[in-house]
Amino acid sequence: MYAIPLGDDHAELRPLEPWQAEEFLAHIDRGRDHIGQYVPLPDRVSDLASARSFLQAYADKAAADTGRLCGIWADGTLVGGVLFRRFDVATGYAEAGCWLEPSAVGRGLVTRAVRVLIDWAVETRGIHRIEWQVASENTPSIAVARRLGMTRDGVLREAVAYRGVRQDIEVWSVLAPEWRAARP
């Protein structure tokens, strides 16, 4: 399989597929509390069967061209992931997301990985709008949106119930012309 270098620090972006369920589960277990602060992934992935099922769902999305999932590896260890939760070439819309275990925080891995995804979506697939939805209290994810040059479109007040608490969801986005204009 392919690996895309994310810089000079031995970090790579690679497909994350069902055959990697054991490695994926171990990664989720290492970061379960940290990841689960704002992302429901650890609630959905609790054992090998659910890990495999989650990865298979994204393999199916990739086959249907409605989503993508990639892992972030640092020094050969899976430490996070980036994805297109929704991906619609016909409408030119995609929604990106991410997660990271604590050992990899603060290295710019998510920002670099999402840049690769957005470049591909805009330049190769013709996506016009990339959206980033984030809980208002998830300041690290909001910082990623800002670093990516996204614009805050607004807040969906108490839009999502997560672990029994209603959360405001901020919507950030970047349009293809803005993305291209901001590239070096």
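Author: Let's start with what covers the buried residues of helix H1: the cover includes helix H2 (41–44), helix H3 (48–64), strand E4 (77–88) and strand E5 (93–100). Covering here rests on contact, which means heavy atoms within 4.5 Å. Helices (H or I, at least four residues) and strands (E, at least two) are DSSP runs, numbered from the N terminus. This is a predicted model, where local features need pLDDT of at least 70 and side-chain atom pairs count only at pLDDT 80 or more, while totals for chains, interfaces and linings use all residues. Residues are numbered from 1 along each chain as its sequence is written, and side-chain values use heavy atoms, with hydrogens and water left out.

The residues being covered are Ala21, Phe24, Leu25, His27, Ile28, Gly31 and Ile35. Buried means under 20% relative accessible area, with exposed over 50% and partly exposed in between (1.4 Å probe, protein chains only). A handy rule goes with such a list: an α-helix has 3.6 residues a turn, so residues three or four places apart point the same way.

Now for the shape of H1. At Asp29, H1 bends by about 45°; the bend is the angle between axes fitted to the seven residues ending there and the seven starting there. The end C-alpha atoms of H1 (residues 21–35) are only 17 Å apart, whereas a straight helix of 15 residues would span 21 Å at 1.5 Å a residue. That expected span is 1.5 Å times one less than the number of residues.
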